[in-house]
Amino acid sequence: MDAARPGNQCVPMILRARPGTAPTAQLMPTRGSRYEPEIPFIQLPQALTEKRGRINAYRERPALVDFLRQALAPDSTTDRIFLARAATLRNRDIWPWLQDTHLTPGAVHAPGTRLDQPESIPTPRKPGDLPGLRIIRLREAADRAAVAHLFGVPYDEQAQQRTPGNGRFSGLVQHSDTVFYGLNPRPAQNQTPLDVTKLDPARPQDATWSVHNPRPLEIVTAFLQDGDDPAELAMYVQALRRSVLHTANGTVWPWLIHCADLMTEYLV
């Protein structure tokens, strides 16, 4: 789920990828287009250039919340993963549960549920209430106050020293039971010395070096089914950053979110 924004407008879009089929897209119905069917993803750029799906998130919040709830497919029992981009959904009371102060793994509140009045908070839904559903929240590194800037150096415990020749860490870093950070591998053209480390307070000058991925993607396994391994789901999401066929470099976002991010180029 992503919501691109040209100016003060919001364009909610849901991209779906089902096994064995081409990806599809769905825009939100508006006054100018009362019915928005699910369409092949390749038709989405034309729909956006026709200015379909544009809403005011403040005035049309109830409709947006309903659109988001339907995207979760609460009545389905099919195994599915909902990737939610935090910056576009946790604010404006669209889905307050995605905020750090409200997010409780294994207990989800539906989009639109007010959580600022403790006495009126409804009972959250558990995995058994929503069979097959997994929700993973993604937060970009632009939120500097929340996403760590990781720069790892392998360490040899036996030799009590940094491992020679490997000055950077890439892959998945587990921060807690549900929070992970994904770092893309270093591109071949990066010329940063391998001995640079941003973990040594005695070397503050290293902080000025540009590295392959100084701002990793935060992956939060916000809602899983009983028996799921959070690390496996996080690694799956991280792998989706390396699955785009038009480039050998890892993308900032997993595949579908990356495609949604590219759609902003068609908003004029």
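**Exercise 1.** Decide whether F82 is buried or exposed, and do likewise for W95.

*Solution.* Buried means under 20% relative accessible area, exposed over 50% and partly exposed in between, with a 1.4 Å probe and protein chains only. F82 has a relative accessibility of 7% and therefore counts as buried, and W95, at 0%, is buried too. The model is predicted, so local features need pLDDT of at least 70 and side-chain atom pairs pLDDT 80 or more, while totals for chains, interfaces and linings use all residues. Residues are numbered from 1 along each chain as its sequence is written, and side-chain values use heavy atoms, without hydrogens and water.

**Exercise 2.** Count the aromatic pairs, and classify the one formed by F82 and W95.

*Solution.* Rings of Phe, Tyr and Trp (its six-membered ring) pair if their centres lie within 6.5 Å, and planes under 30 degrees apart count as stacked, over 60 as edge-to-face and the rest as tilted. The count is two aromatic pairs. For F82 and W95 the ring centres are 6.0 Å apart and the planes stand at 70°, so this pair is edge-to-face. F82, W95 and W97 form one aromatic cluster.

**Exercise 3.** Identify which residues touch the most other members of the largest nonpolar core.

*Solution.* A nonpolar core is a set of buried Ala, Val, Leu, Ile, Met, Phe, Trp, Tyr and Cys residues joined through side-chain atoms within 4.5 Å. Among the 29 residues of the largest one, F82, W95, W97 and I135 touch the most other members.
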